[in-house]
Amino acid sequence: MKDDIRLVGWNVVVIDEATVGVFGGLDDRGMATRRVALLSVRDEHVMLPPATLHDRTAFGSATLAADGATVLVAGGAASDGGEVRDVLERWSLTGAASRYGQLSGPRRDHAAIRVDAGTMHGVLLVGGSDGTSALSSLE
């Protein structure tokens with residue numbers, strides 16, 4: 001069907017007890033997208049905000065920042081077997097997207113953990129792949 005949504009490579013984050021954010025993912029041609037969708041688990045409603053991501057991404061990470069209103073989208077790939085990216089982007093729940101910097105190198109299929117301990121605040125990226133080799137690094 002033309003209206004099917006492919007559920008591959010999405011970067012998913014829990015926004016609050018009733019909302020899940022979905023960022024990027026693959027389209028029906030296997031290419032990464034800039035899509036953003038907010039899914040309400042209470043009323044099974046999908047909201048497609050007007051703002052999308054700046055960069056196409058799949059197989060990266062999406063992490064809710066400590067402010068509860070910003071999602072950090074990191075790394076990913078251009079397609080399932082395609083170029084691995086080093087992008088870092090902020091997406092606000094108000095719908096604004098902006099590039100936030102660059103990772104130290106390309107990274108996909110990694111874990112992302114929000115850190116709020118003592119004087120350390122941010123997102124820790126762990127492992128994954130640079131498209132050629134497994135990564136054991138942190139950033």
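What you see is a predicted model, in which local features need pLDDT of at least 70, side-chain atom pairs count only at pLDDT 80 or more, and totals for chains, interfaces and linings use all residues. Residues are numbered from 1 along each chain as its sequence is written, and side-chain values use heavy atoms, with hydrogens and water left out.

Strands here are DSSP runs of E, at least two residues long, numbered from the N terminus. Strand 2 (residues 19–23) runs antiparallel to strand 3 (residues 36–40), and five bridges join them. Two strands count as paired if DSSP finds at least two bridges between them. In general, strands of a sheet pair through backbone hydrogen bonds.

Now the whole sheet: four strands make it up, it is open, the order is 1-2-3-4, and the pairing is antiparallel. Which strands are at the edges? They are strand 1 (11–16) and strand 4 (45–47), each pairing on one side only. From one strand to the next, the twist averages 25°, with axes fitted as lines to C-alpha atoms and angles running from 0 to 180 degrees between N-to-C directions.

On to the loops. Most residues other than glycine have a negative phi. Phe59, in the loop between strand 4 and strand 5 (61–64), has a positive phi near 65°. Buried or exposed? Phe59 is buried, at 14% relative accessibility; buried means under 20% relative accessible area, exposed over 50%, and partly exposed in between, using a 1.4 Å probe and protein chains only.

Asp109 also has a positive phi, about 55°. Asp109 is partly exposed at 45%.
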